[in-house]
Amino acid sequence: MNDHVVFSCVHLSLNEEGNPIDMDGASLQELAQDYSLMKFGHPDALERVAARMVKRICDELVNGEHLGPLVRNVGDDPAYFYLTSPGIRNVHSAASLLARSLMFGINEHLTQLALPTFIHKPLTRLASGSADYATLDADSRRNREKTTKTLLPVSDFKEQPIHVLFIDDAWVTGTTARRARDRALAAGARSCHQLVAIKVDEEVAKEDSAIEDRLNRSVIHGGLDANVAGIINHPHFEPVQRLLRLVLHPQNREDLPGFCDQLDVTGLLKVYRSALANDYLWIRPEEGQGERQQHGFYGESLHQLGGLLRGRSPR
C-alpha cells in the first residue's frame, strides 16, 4: 500500500488574470478569501475551511483506497490514528487550529459509523520558525538552514501501531509535507498520509514562487485595518503566529496606538501574552532566537503594546 497520499479539498490554478480557479475553471475566490482570513486566525473562516476538509477526508475514510481501508479494517489489523500538523511552540498556527477542529469533525463522523476515532497529537517546536517561509521558492525551502526542531512522539511510534494523518493548510512545493512524512516514517509510524485545504498546481508553483504569500494576503494585506481588528475582537479569537507578526511588525508600529483603540482589551491581552510566551521580545526572523540582552525584531512594538495596555488591563 502507498504510505504517502496527499488528499486536498481543491487543486488550485490561476486564470489569465491571475485569479484562483480550480482545474475545471471555476472560481476559487471565495475559498481564497476564507484562506487568507484563516491564516491570520479568523475563527469563522477557519471553521468554513475545516468543514471542507472534513468532508474530503470522510469521503476517503468511507470509500477510499488508501487511508480508508486502514480505518475500516482496524478489527483485523489493530492500530491507532494520529492527527498531527507542523509543530508549534506556545502559540498556534492556522494549521494547528485546523487539526484540532478536524479532530472533532472527523471523529463525529467516525463514531456514527462505529469506526475508530483519531487522536489529536500536537507536536512541539522548540523555537519559532522562519517568518518569511511563504515567500521562498522550492530550492530555498529545501536548502534553507533549519533554525528550530520539531519533536516527534518516537516512543509512541515504536511501541504502538500508529498511522499518521498530517494536516496543513496548503501544499505548494511539498517541502514541509515530505519532511513530515520522512521523519514520521523514519521514527516508526506505520504510514503517513496528508490532508491539505489547497494543493497548488505544480506548474503554477514552479512559475510563481510568491503564490502562497499572495494567497495569505488576499484579504489581510499587511496593515492594521478593520479586517485585522475584526479577528482580534472576535469572541472566539485565538492568536496565531502570523497575526502576531503582523501586529508587531515594525512597519505597523506608528499605527499601533490608534489600532489598539479599536480593540477589546480581552483580545489585546491575548495578543500581548501570546507574544511574550513565544519569545517575541527577542526573536529575529532571519537569525533565530537572538541574544536575550538585546531586543529582537518585534521587541520595541511589544514594549509599546505593553505600555498601551497599562490602565486598560483587568485586574
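Here are a few questions and answers about this predicted model.

Residues are numbered from 1 along each chain as its sequence is written. Because the model is predicted, local features need pLDDT of at least 70 and side-chain atom pairs count only at pLDDT 80 or more, while totals for chains, interfaces and linings use all residues, and side-chain values use heavy atoms, with hydrogens and water left out.

Q: How far apart are the end C-alpha atoms of helix α13?
A: Helices are DSSP runs of H or I with at least four residues, strands are E runs of at least two, and both are numbered from the N terminus. The expected span is 1.5 Å times one less than the number of residues. For the 13 residues of α13 (265-277) that should give 18 Å, and the distance agrees: 18 Å.

Q: Which helices do the buried residues of α13 pack against?
A: Buried means under 20% relative accessible area, exposed over 50%, and partly exposed in between (1.4 Å probe, protein chains only). In α13, the buried residues are G267, L268, L269, V271, S274 and A275. With contact taken as heavy atoms within 4.5 Å, their packing partners are α10 (226-232), α11 (241-247), α12 (256-260) and α14 (299-309).

Q: Which residue of β7 is the bridge partner of F81?
A: Strands pair if DSSP finds at least two bridges between them. Strand β3 (80-84) has 4 of its 5 residues buried, so it is largely enclosed by the rest of the structure. It pairs in the parallel sense with β7 (162-171) over 5 bridges. In β7, the partner of F81 is H163.

Q: Which residue in β4 stands opposite Y82?
A: Strand β4 (119-120) runs parallel to β3, and 2 bridges join them. Y82 of this pairing stands opposite I119.

Q: How many residues apart in sequence are the parts tied together by D169 and K39?
A: A salt bridge needs a side-chain nitrogen of Lys or Arg within 4 Å of a carboxyl oxygen of Asp or Glu. The side chains of D169 and K39 meet in one, at 3.0 Å from N to O. Since D169 lies in β7 and K39 in helix α1 (29-39), the parts they tie together are separated by 130 residues.

Q: Is D169 buried or exposed?
A: The relative accessibility of D169 is 4%. By the cut-off, D169 therefore counts as buried.

Q: Where does E300, the salt-bridge partner of R253, lie?
A: The side chains of R253 and E300 meet at 3.4 Å, N to O. This pair links distant parts of the chain, 47 residues apart, with R253 in the loop between α11 and α12 and E300 in helix α14.
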